[in-house]
Amino acid sequence: LGLLQLPDFVARDEALAKSVLLPLHRAGAYLLAALVVVHISGVLKHRWIDRADLLPRMWPARGKGTPK
């Protein structure tokens, strides 16, 4: 947006960006995606295999399972 100019903390370095920062950024993105998949898999496992009725207790908009 260009509303506020922030100083550069380090000088621009293409070699550093390509050799260190890009792989770290890519690994972090894959790790985050894997955590989302594992979390959703855990929810589905609890719902369909364990037959635990946890979602209504965690979903207050549904109205079921809210503490009284």
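A residue is called buried under 20% relative accessible area, exposed over 50%, and partly exposed in between (1.4 Å probe, protein chains only). The structure is a predicted model, in which local features need pLDDT of at least 70 and side-chain atom pairs count only at pLDDT 80 or more, while totals for chains, interfaces and linings use all residues. Residues are numbered from 1 along each chain as its sequence is written, and side-chain values use heavy atoms, with hydrogens and water left out.

**Exercise 1. State how many helices and strands the chain has, and describe helix α1.**

Step 1. Helices (H or I, at least four residues) and strands (E, at least two) are DSSP runs, numbered from the N terminus. By this rule the chain has 2 helices and 0 strands.

Step 2. Helix α1 covers residues 14-49, which is 36 residues. The expected span of a helix is 1.5 Å times one less than its number of residues. From first C-alpha to last, α1 reaches 50 Å, close to the expected 52 Å.

Step 3. At the start of α1, a side-chain oxygen of D13 comes to within 3.3 Å of the backbone nitrogen of A15.

Step 4. Further along α1 there is a kink of about 40° at L21, shortly before the proline P23. The bend at a residue is the angle between axes fitted to the seven residues ending there and the seven starting there.

**Exercise 2. Identify the residues that form the nonpolar surface patch.**

Step 1. Patches take residues with over 30% relative accessible area and no salt bridge; nonpolar side chains (Val, Leu, Ile, Met, Phe, Trp, Tyr) are joined within 5 Å, and like charges within 9 Å.

Step 2. The patch consists of L32, V36, I40, L44, W48 and I49, with about 640 Å² of accessible area together. Accessible areas come from the Shrake-Rupley method with a 1.4 Å probe; for residues, only the protein chains shown count as cover.

Step 3. One of these residues, V36, is found in helix α1 and is partly exposed, at a relative accessible area of 44%.

**Exercise 3. Find the salt bridges and the exposure of their residues.**

Step 1. A salt bridge is a side-chain nitrogen of Lys or Arg within 4 Å of a carboxyl oxygen of Asp or Glu. The structure holds 2 of them.

Step 2. D50 pairs with K45, the closest N and O atoms lying 2.8 Å apart. D50 is partly exposed at 36%, and K45 is partly exposed at 37%.

Step 3. D53 and R47 form a salt bridge at 3.0 Å, N to O. D53 is partly exposed at 41%, as R47 is at 36%.

**Exercise 4. Describe the phi angle and the exposure of R51.**

Step 1. R51 follows α1 and lies in the loop between α1 and α2 (55-58).

Step 2. Most residues other than glycine have a negative phi. The phi of R51 is positive, near 55°.

Step 3. R51 counts as exposed because its relative accessibility is 67%.

How values were computed. A polar contact is a pair of N or O atoms within 3.5 Å; within protein, one must be able to donate a hydrogen and the other to accept it, and residues adjacent in sequence count only if both atoms are side-chain atoms.
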